[in-house]
Amino acid sequence: MFQRERIFVMAGKKCRCWWYVQLVENLPVNWRDQLRELMIPGAFVVHDRDVELTEDGIERPKRPHVHFMLEFGSPVLVKTALEVVPESFGILFAKPVGNKVGAYRYLAHLGQEDKAQYDFDEVEDMAGFKVNISDVCNVDFCDVYDLINEMKITNFAMLMSFLVEFKPEYVPYVSSHVNLVKTYITELNRCCL
């Protein structure tokens with residue numbers, strides 16, 4: 001068995017969440033199962049629709065690659081972050097994740113219109129990984145306000161039914177701001193009746 005050298009940048013820096021990338025062709029066939037079996041919270045996506053520009057300015061497909069992040073229970077050194085990943089993955093480098101929400105946005109290329117867009121259904125969360133999808137999608141009261149007025153929503157139950165079916169990324173925001181949203185709907189109905 002070959003001994004791989006790992007690159008330990010920022011050797012003294014500890015971080016809870018670490019970022020990895022690898023070409024699919026360099027991963028074992030059952031890499032998804034192996035990643036899930038680590039039982040470390042995290043998320044991954046296969047970027048298989050990305051393109052790059054050649055020196056001639058011609059677009060060509062990038063080789064399919066996997067981006068994944070792992071979130072440890074406490075801050076760990078890069079050495080630990082690399083040692084938990086199966087050696088068969090050939091991962092030699094890990095990068096600290098400064099902002100979990102921003103990293104999750106990158107998995108789908110959200111806000112990066114010049115890159116291939118990936119649905120959140122293509123991003124797989126593992127081992128109880130949690131990220132507030134409303135934060136990922138930058139949902140705030142202005143979005144809810146616009147939706148309520150555009151759809152002429154008159155009560156909270158109607159709003160939640162609509163969100164669950166058509167705008168699930170709004171549900172975490174509304175769930176954590178129930179009083180604000182209910183009060184707005186109630187006051188809107190009073191002033192307009």
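Glu187 and Arg190 stand 3 residues apart in helix α8 (residues 178–192), and so about one helical turn separates them. Helices (H or I, at least four residues) and strands (E, at least two) are DSSP runs numbered from the N terminus. The model is predicted: local features need pLDDT of at least 70 and side-chain atom pairs pLDDT 80 or more, while totals for chains, interfaces and linings use all residues. Residues are numbered from 1 along each chain as its sequence is written, and side-chain values use heavy atoms, with hydrogens and water left out.

Display the side chains of Glu187 and Arg190: they form a salt bridge at 2.8 Å, N to O. The term denotes a side-chain nitrogen of Lys or Arg within 4 Å of a carboxyl oxygen of Asp or Glu; the count by this rule is 10.

Next, select Asp33 and Arg36, both in helix α1 (residues 31–37). Their closest N and O atoms are 3.1 Å apart, in a salt bridge.

Move to Glu122 and Arg49, a salt bridge with closest N and O atoms 2.9 Å apart. Glu122 is in the loop between α3 and β7 and Arg49 in the loop between β2 and β3 (51–53), so this pair ties together parts 73 residues apart in sequence.

Then select α3 (residues 100–108), where the buried residues are Ala103, Tyr104, Arg105, Leu107 and Ala108; buried means under 20% relative accessible area (1.4 Å probe, protein chains only). At the start of α3, a side-chain oxygen of Asn99 comes within 2.9 Å of the backbone nitrogen of Val101. After α3 comes His109, with a positive phi near 60 degrees.

Finally, select Arg16, Glu71 and Lys100, which a network of salt bridges links.

Methods:
Buried means under 20% relative accessible area, exposed over 50%, partly exposed in between (1.4 Å probe, protein chains only). A polar contact is a pair of N or O atoms within 3.5 Å; within protein, one must be able to donate a hydrogen and the other to accept it, and residues adjacent in sequence count only if both atoms are side-chain atoms.
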